[in-house]
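Biologist: Please put the model up. I would like to go through a few residues with you.

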Amino acid sequence: MVRHPPSADKDLALNPDLPVTSQTPPTFLLQAEDDHVDNVDDSLAYYIALKKAGVPVEMHLYAQAGHAFGLRRRSSDHGLASVVETWLGTSGMIPK
């Protein structure tokens, strides 16, 4: 495993119009690394900001899923519906 220095995220930046505070709701992030529209670095920067603010966050990265794959059923859905449902239950967003 490659270890990165603590400053490895210095080049990642958030949109200044999207403040992250301790009041930001718990967040579930789902991103495909081969997304041709939204760069995975944006999701990584958001994840880091949430962690630094003490916000509960869970992130799932998939190597191949493209853009806007959502929760629709298909052969390559990675079982996303159950992953999201589990997070919603464990985070208290819905009853278990």
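Biologist: Is Trp87 buried or exposed?
Modeller: This is a predicted model, in which local features need pLDDT of at least 70, side-chain atom pairs count only at pLDDT 80 or more, and totals for chains, interfaces and linings use all residues. Residues are numbered from 1 along each chain as its sequence is written, and side-chain values use heavy atoms, with hydrogens and water left out. Buried means under 20% relative accessible area, exposed over 50%, and partly exposed in between, with a 1.4 Å probe and protein chains only. Trp87 has a relative accessible area of 9%, so Trp87 is buried.

Biologist: Which residue forms an aromatic pair with Trp87?
Modeller: Rings of Phe, Tyr and Trp (its six-membered ring) pair if their centres lie within 6.5 Å; planes under 30 degrees apart count as stacked, over 60 as edge-to-face and the rest as tilted. By this rule there is 1 aromatic pair. Its centres are 5.4 Å apart with 50 degrees between the planes, a tilted pair, and the partner of Trp87 is Phe28.

Biologist: Why does Phe28 count as buried?
Modeller: Phe28 counts as buried because of its relative accessibility, which is 18%.  The cut-off is under 20%, and the value for Phe28 is 18%.

Biologist: Which backbone nitrogen does the side chain of Asp35 reach at 2.7 Å?
Modeller: Asp35 is itself buried, at 13% relative accessible area. A polar atom of its side chain lies 2.9 Å from the backbone nitrogen of Asp38. At 2.7 Å, the side chain of Asp35 reaches the backbone nitrogen of Val37.

Methods:
A polar contact is a pair of N or O atoms within 3.5 Å; within protein, one must be able to donate a hydrogen and the other to accept it, and residues adjacent in sequence count only if both atoms are side-chain atoms.
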